[in-house]
Amino acid sequence: MSASIAPRSYENISPLKVAFIGLGAMGYPMAGHLAKAGHQVCVYNRSPEKASRWAAEFDGVTAPTPAQAAAGADVVFCCVGNDNDLRSVLTGKDGAFSGMKPGALCVDHTTASADVARELYDAARNVGLHFLDAPVSGGQNGAVQGILTVMCGGDVTDFARAKPIMQAYAQATTHMGASGAGQLCKMVNQICVAGVLQGLSEAIAFGKTAGLDMEKVLSVISKGAAQSWQMENRGRTMVSNQFDFGFAVDWMRKDLGLVLDEARRNGASVPGTALIDQFYAEVQKTGGGRWDTSSLITRLPQPKQPL
């Protein structure tokens, strides 16, 4: 088994010719799971060295442009940085849409705006292609383990077509509604994550200042109503001030920027999220842009050791 993904079992489905565009922290293992599930995978990455390394590890092939990677593929997967990156690799010069065969499906796992999802859905339809916005939750570890949660927007027939393929790297895939609904669902997810992490940061800092044994406290309260994924997976590392892993603050600020833009557009009130976004900006200014999002706690005064 590859060193960059965890062993897991795969559903027995007919192998397809697929492309994967974007081999970042998420895309690299996701594409790896597709290859291990038996699909014929061609990859494109902006830095060709990483694409070559992936191809050597997973016995796949590379292409010099998104269009060439997408040529002949039944499904084209994408996971890049932001709206502009997405437009570039799909509809820009040598973009994937120009190389895809008629009727092929593009599944976009980028966390991007709902507006760009709708724009690309329309662009795909105009040239005889299909498009799903399908952002994921679960972080890099979820991608490595093949246990991501995928929230999809677009036509239900396209979702049904993509679901068995996505199960190579996902534990849950859900159709959320029309184009853009997947991205809106991911925004809801990030609002929840940010709020939970701020509450957890304040609780741990409070407990440490009060002289409590926070390892014991977390063990107790994680069995009650305060329990959360963040508490179970980040509580103890927050107590120990360990943040050199996980979902980066820089990425969270990008995601919260999407939330705030959408809230301004649709009139939603998200005062807590706006405040926490500024807290993350403070973490960035201290050099913590690549720290895990649980590093919110570094803003708060706390004793380094239990009293």
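This is a predicted model: local features need pLDDT of at least 70, side-chain atom pairs count only at pLDDT 80 or more; totals for chains, interfaces and linings use all residues.
1. Cavity. The largest cavity holds about 50 Å³ of space. Its lining consists of Y10, E11, I13, A37, H39, P164, Q167 and A168. By residue class, this lining divides into 5 nonpolar, 2 polar and 1 charged.

2. Aromatic pairs and the F77–Y169 contact. Across the whole structure, 6 aromatic pairs are found. In one of them, the ring centres of F77 and Y169 are 6.3 Å apart and the planes stand at 85°, so the pair is edge-to-face.

3. F243 and W291 form a tilted aromatic pair, with 6.1 Å from centre to centre and 35° between the planes. Here too, distant parts of the chain are linked: F243 lies in the loop between α10 (229-239) and α11 (249-266), and W291 in the segment after α12 (271-285), 48 residues apart. F243 has a relative accessible area of 8% and is therefore buried. W291, at 29%, is partly exposed.

4. Aromatic cluster. F77 and Y169 also belong, with F20, to one aromatic cluster.

5. Charge over a ring. R299 is placed over the face of F279, 3.7 Å from the ring centre.

Notes: Residues are numbered from 1 along each chain as its sequence is written. Side-chain values use heavy atoms; hydrogens and water are left out. On a 1 Å grid over the protein atoms alone, a cavity is a set of points where a 1.4 Å probe fits but cannot get out, and a pocket is an open set with protein on both sides within 12 Å along at least five of seven lines; lining residues have an atom within 4 Å of a point. Grid points are joined across faces, edges and corners, and a volume is the space filled by probe spheres set on the points. Ala, Val, Leu, Ile, Met, Phe, Trp, Tyr, Cys and Pro count as nonpolar, Asp, Glu, Lys and Arg as charged, and the others, Gly among them, as polar. Rings of Phe, Tyr and Trp (its six-membered ring) pair if their centres lie within 6.5 Å; planes under 30 degrees apart count as stacked, over 60 as edge-to-face and the rest as tilted. Helices (H or I, at least four residues) and strands (E, at least two) are DSSP runs, numbered from the N terminus. Buried means under 20% relative accessible area, exposed over 50%, partly exposed in between (1.4 Å probe, protein chains only). A charge sits over a ring if NZ of Lys or CZ of Arg is within 6 Å of the ring centre and within 35 degrees of the ring normal.
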